[in-house]
Amino acid sequence: MKIVVDFDLCEANGMCEAVAPDVFEIDDDDNLNIIADPTPELRDSIEQAVHSCPKAALSLED
């Protein structure tokens, strides 16, 4: 499983961080960072974050 971020679409609005704070982080410069490996235990929260992104900047590849 791999998290893919389209940084051209990402507005760093923090929806993914709100849904999956163990995986996503918006830094002080408003950049999205993936701070954890996408493990099977985190899959549900990652999928929720992908679906909650208002710009559809996130996707998940198996």
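Colleague: How do you know that the side chains of Arg-43 and Glu-47 meet in a salt bridge?

Modeller: This is a predicted model, and in it the N to O distance between the side chains of Arg-43 and Glu-47 is 2.9 Å. A salt bridge needs a side-chain nitrogen of Lys or Arg within 4 Å of a carboxyl oxygen of Asp or Glu. The value of 2.9 Å meets that limit, so the pair is called a salt bridge.

Colleague: What separates Arg-43 and Glu-47 along helix 2?

Modeller: They are four residues apart in helix 2, which means a separation of about one helical turn.

Colleague: Why are Arg-43 and Glu-47 called partly exposed?

Modeller: Arg-43 has a relative accessible area of 26%, and Glu-47 has 28%. Buried means under 20% and exposed means over 50%. Arg-43 therefore counts as partly exposed, and so does Glu-47.

Colleague: What makes Arg-43, Glu-47 and Asp-62 a network?

Modeller: Arg-43 also meets Asp-62 in a salt bridge, at 3.0 Å from N to O. Asp-62 lies in the segment after strand 4 and Arg-43 in helix 2, so this pair ties together parts that are 19 residues apart in sequence. With Glu-47 bridged to Arg-43 as well, the three residues are linked in a network of salt bridges. Asp-62 is exposed, because its relative accessibility is 76% and the cut-off is over 50%.

Colleague: How many salt bridges does a search of the whole structure find?

Modeller: The search finds three. One of them joins Lys-55 and Glu-11, with 3.7 Å from N to O. That pair links distant parts of the chain, 44 residues apart: Lys-55 is in the loop between helix 2 and strand 4, and Glu-11 is in the loop between strand 1 and helix 1. Lys-55 is partly exposed at 36%, whereas Glu-11 reaches 53% and therefore counts as exposed.

Colleague: Is Ala-12 buried or exposed?

Modeller: Ala-12 is at 15% relative accessibility, and buried means under 20%, so Ala-12 counts as buried. Ala-12 is found in the loop between strand 1 (2–5) and helix 1 (15–19). Its C-alpha is 9.5 Å from that of Asn-33, a residue 21 positions away in sequence.

Colleague: Which residues form the negative surface patch?

Modeller: The patch is formed by Glu-25, Asp-28, Asp-29 and Asp-30. Asp and Glu count as negative. Asp-29 lies in the loop between strand 2 (24–26) and strand 3 (32–34), and its 62% relative accessibility makes it exposed. Asp-30 lies in the loop between strand 2 and strand 3 and is exposed at 54%.

Colleague: What is noted about phi of Asp-30?

Modeller: Phi of Asp-30 is near 60°, a positive value in a residue other than glycine. Ala-56 is not a glycine either, and its phi is positive at about 55°. Ala-56 lies in the loop between helix 2 (43–52) and strand 4 (58–61) and is exposed, with 56% relative accessible area.

Colleague: Why does the radius of gyration of the protein chain agree with a compact globule?

Modeller: With 62 residues, a compact globule would have a radius near 11 Å, and the chain has 10 Å, so the two agree. Its C-alpha atoms fill a box of roughly 30 × 20 × 15 Å along the principal axes. Buried residues make up 27% of the 62 residues.

Colleague: What pattern does the chain follow along the sequence?

Modeller: The pattern is β-α-β-β-α-β, which comes to two helices and four strands.

Conventions. Residues are numbered from 1 along each chain as its sequence is written. This is a predicted model: local features need pLDDT of at least 70, side-chain atom pairs count only at pLDDT 80 or more; totals for chains, interfaces and linings use all residues. Side-chain values use heavy atoms; hydrogens and water are left out. Patches are made of residues with over 30% relative accessible area and no salt bridge: like charges are joined within 9 Å, nonpolar side chains (Val, Leu, Ile, Met, Phe, Trp, Tyr) within 5 Å. Accessible areas come from the Shrake-Rupley method with a 1.4 Å probe; for residues, only the protein chains shown count as cover. The place of a charge is taken as NZ of Lys, CZ of Arg, CG of Asp or CD of Glu. Buried means under 20% relative accessible area, exposed over 50%, partly exposed in between (1.4 Å probe, protein chains only). The radius of gyration is taken over C-alpha atoms; the globule rule is 2.2 Å times the number of residues to the power 0.38.
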